[in-house]
Each structure stands twice: as C-alpha cells, then as structure tokens.
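Here's a quick tour of a structure for someone just starting out. Have a look at the sequence and the 3D view, then read on.

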Amino acid sequence: MSLYEELGGEASVNAAVDIFYRRVLSDAYVASFFEGVDMEKQAGKQKAFLTMVFGGPNNYTGLDMREGHKHLVDKGLNDSHYEHILAHLRSTLAELGVGNDKIQEVITIADSVRTDILNK
Amino acid sequence: MAMITYKGESYTCEKDETVLVCLLRHKVFIPNACQSGVCQSCMMKAVQGTPPKVAQTGLKDTLVAQHHFLACICKPEEDLEVSLYDSSKDWMLAEVLEKSLLNESVVRLRLKPQHKIDYMAGQFINIKGQDGTSIRSYSLASLPTEDYLELHIKRVPGGLVSNDLHDMVAVGDSLSIMGATGDCFYTNRDQEQPLLMIGIGTGLAPLYGVIRDALAKNHTGSIHVYHGSLATPGLYYIDELRNLANEHESLSYTPCVLHGDAPEGGQQGDIQSVVRTDFPDLKGYRVYICGDPQIVDSIKKQCFMSGASMSDIYSDPFDFS
C-alpha cells in the first residue's frame, strides 16, 4: 500500500487542503505571497502539491515548480518561508490524526522539492 | 472501441486509452498538465454520451451537473461527443417583454429568447451592446421554469452596455444574447446543509434565482439571505424577499446598509462585518457570494477562514465596466 493510500487517498487530500490553506493564510509571515490570487485555483494547486507529497498520482516536474514560483522568489521567498510552510504541513497532518512516522515521510518528500520551489 | 467526436471530427479511442491521449495522438491539442486527474487543466464537457463516473473525480458538483469531466482520466465506455470547457455558445436574439425600474439605478428586463435556453438558476448570459461589439455579462434572476429570462441591470457610469439598456432599449426591441454559463448555482447534493447567501447590489439577481431554486427543490436546511447596499434606496425586492421569508420558515432575510437607517428587520453596517458577527463559525455551511469583485473576494476569504470548506463556497464576482 502506498503512503497516499495509507493516508486515505483523495478524501484525505481534500480534507488537508482546507486546513493547510487556512493555516497558511493565518500566518502573516507567508500570507502576503498568496495575496491577490484566485483562491479556487490556488486550492487546486495546493491539492496537486499535497497529492504529490502524500506520494499520490502526479506528474511532477521540477521545471514546472521552478517556473511557477519564480515570481515569488523574486519577491523574496526564501528558506525561512519554506520552514513555515513545512510547519503548517506538519500541524495539518497532526490535526488529521496522522502518526509521527508518516508525517516525517511526507515532510521528507516536501523537503526534497525545496531547491526547485526556491529556484536554487 | 469508443469513438470520440470533437469539433465535428471523429477519432477512434483504443482500448484503455484516455480521451486526452486519444486526442493528442491524433494531433488535436487539448490543454493539460498533470495527466493524473488532479490539476483539472484538461477539463472537457460531454455534449453527447456519458463519461465514466471516475472521470469526474474531484470536480465541484456544479461542474458534474454540467457534464464536465477530466480528459486525462477518462477511459470512455461509450461513444462521446466532447467540447472544451469554455466552448463558446451561439448568439441569438431575445425580445424585451418587460422593462421596469427596481430602484433609482437598477432596471429589470424580462426577455423572451428566440430559442429555449438551457440554464441553471444563478448562471449568467452575455449581451451585446447597441454598438455591436461591446459584450457584458448579466446574471439570471429567473428560474428555468419561468417563461422569460430576468435580468437586473445596474447603470454603470460611462458603461457601454448598461446605459443602452437603461436609456435606449424599449419593450418589443430585440437584443443579441448568448448563454448561459457560470457555476454559481444550487445542486441538491445535501438538502439539509445550511445555506448562507450574500448579495451586494445587483449581486442579488443570481441569488434570487438560486434561493427560489433551492426552495423549489425542497431544500430543508436553513437559508440565510443578506443583501447589502450603500443605503436603503439601493436595495430592491424587499417585499418579495420578505414574502418568501414569511412563506418559508427556513428562510431569513437581512437587508444591510452602510449609511442611514436600514429597513425593518435589517442591519446598519458593512455587510462583511455583519456576516462576521452573525456567523463566527461557518463549518458545514454552503456559501454563495455575488456582486462587486473586491467585496466578493474579501468576504470569500473571510468565510473560508471562518470554517467553510473551499468546495462549499460559490461566488460570482461581477466585473463592472
């Protein structure tokens, strides 16, 4: 069974998107990067991201991630913001009752795309 | 093997092949990205035939109701005729049956289209201005069961279409219309869910359709309607909404005005604060928000932060120009 299936598949991603996005928008340190974006489209992108870090079906390419975040890196997006996002991901999973070892697996995947997102 | 028809051409879909792969293989370009049913960039609409249920995984109920599906995870079990999600419809003429002022700056038009329009209450149509080039969208306040299309048109200073509709167009004239589209409408997926409807100005138009549609479809959960305006003269349909609230115990109606006295049963204050105070916790609610885009976006965010799920928020930001 894949990690994605173990976590509950699509239904769990849907539950996670609302909690995760709400946490991110409540955090003034990172919320400004999400200002003026279409919330529904953004939720779609977060769903794709969470599906990927859960180990679910995806067609992830580092190039897309780089292109998609370049304008944010230009605005100052850096490692400290990324740490905030990882922390929100951690607490989202904890709120959903995911065990510590599984949370660590997800965080490891999310951390592996850091260099692409931050255009390093 | 199923046949896929797109833009009048038919293509053979191989066994286990998806609609997306089939079309791409035939050098028909369809926008796509994740190819795994997540990003929704390859969304298409089934014009004929039924796509397998799994091809609608994750789509909002309003999109499912309009037969949309994701081409990248659709392995057809029968012949399908498909179109792109935003495929344009045909222009047709509609006769003005009735024209009356709802308040100092909003006129109500009732139109009889040349051909019957298939629509859901709350969707919008496009209207061509008298200059033949300007196009504006207007929400439908009518129900598909009524034999006219009803629009509420606010006069926009310098507006190319709204001023024509206010000043030039008369009963008996014909207008060029096209429609209907939009996904701000009622579906009866959960008839017990409490509904919160927030309309600013002529944002009431689609909601007036959605409210009556929900009641006609026997929605049993509570329905809270808030209509906001700068001052009382900017409100309209006060009696109609009060009557609906009297007839239906589940329905409440709250007019809100920023300045001056609110009508009886209403509140004075900005509609966003009023809603925030009245609904501190929106978990489990379905929310509809229509009107000026800046207020809509801001209230949308507030409702999400107050606990409404993103998939339970329907909005229609009006672009006034």
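This is a predicted model: local features need pLDDT of at least 70, side-chain atom pairs count only at pLDDT 80 or more; totals for chains, interfaces and linings use all residues.

Residues are numbered from 1 along each chain as its sequence is written, while chains are lettered from A and ligands numbered from 1 in the order in which they are written.

**The sheet in chain B**

- Six strands line up as an open sheet in the order β15-β14-β13-β12-β16-β17 of chain B, with parallel pairing; strands here are DSSP runs of E with at least two residues, helices are runs of H or I with at least four, and both are numbered from the N terminus.
- Two strands count as paired if DSSP finds at least two bridges between them.
- At the edges sit β15 and β17 (313-317) of chain B, each pairing on one side only.
- Strands of a sheet pair through backbone hydrogen bonds, either parallel or antiparallel.

**Zooming in on β14(B)**

- How many of the 7 residues of β14(B) are buried? For this strand (residues 251-257), the count is 6 of 7, where buried means that 20 or more other C-beta atoms lie within 10 Å of the residue's own, exposed means 12 or fewer, partly exposed is in between, and C-beta atoms are placed from the backbone.
- β14(B) pairs with β13(B) (residues 223-229) in the parallel sense over 7 bridges, and P255(B) is the bridge partner of H227(B).
- With β15(B) (residues 267-268), β14(B) pairs in the parallel sense over 2 bridges: V257(B) stands opposite Q268(B), and C256(B) stands opposite Q267(B).
- β13(B), helix α5(B) (residues 238-247) and β14(B) make a right-handed β-α-β unit; right-handed means that, with the strands pointing away from the viewer, the path from the first strand over the helix to the second runs clockwise.

**Domains of chain B**

- In chain B, 14 residues of domain 2 are in contact with 16 residues of domain 3; contact means that the C-beta atoms, placed from the backbone, lie within 7 Å.
- On the side of domain 2 of chain B that touches domain 3 of chain B, the largest share, 3 residues, comes from β10(B).

**Helix α4(A) and the chain contact**

- Helix α4(A) (residues 39-53) has 15 residues and reaches 21 Å from its first C-alpha to its last, close to the 21 Å expected at 1.5 Å a residue; that expected span is 1.5 Å times one less than the number of residues.
- Its buried residues include A43(A), F49(A) and L50(A), and the buried residues of α4(A) pack against α2 (9-26) and α7 (100-112) of chain A.
- Just after α4(A), G55(A) takes a positive phi of about 80°.
- Where do the chains meet? 15 residues of chain A are in contact with 15 residues of chain B, and α4(A) gives the most to chain A's side, with 7 residues.

Terms used: Two residues are in contact if their C-beta atoms, placed from the backbone, lie within 7 Å.
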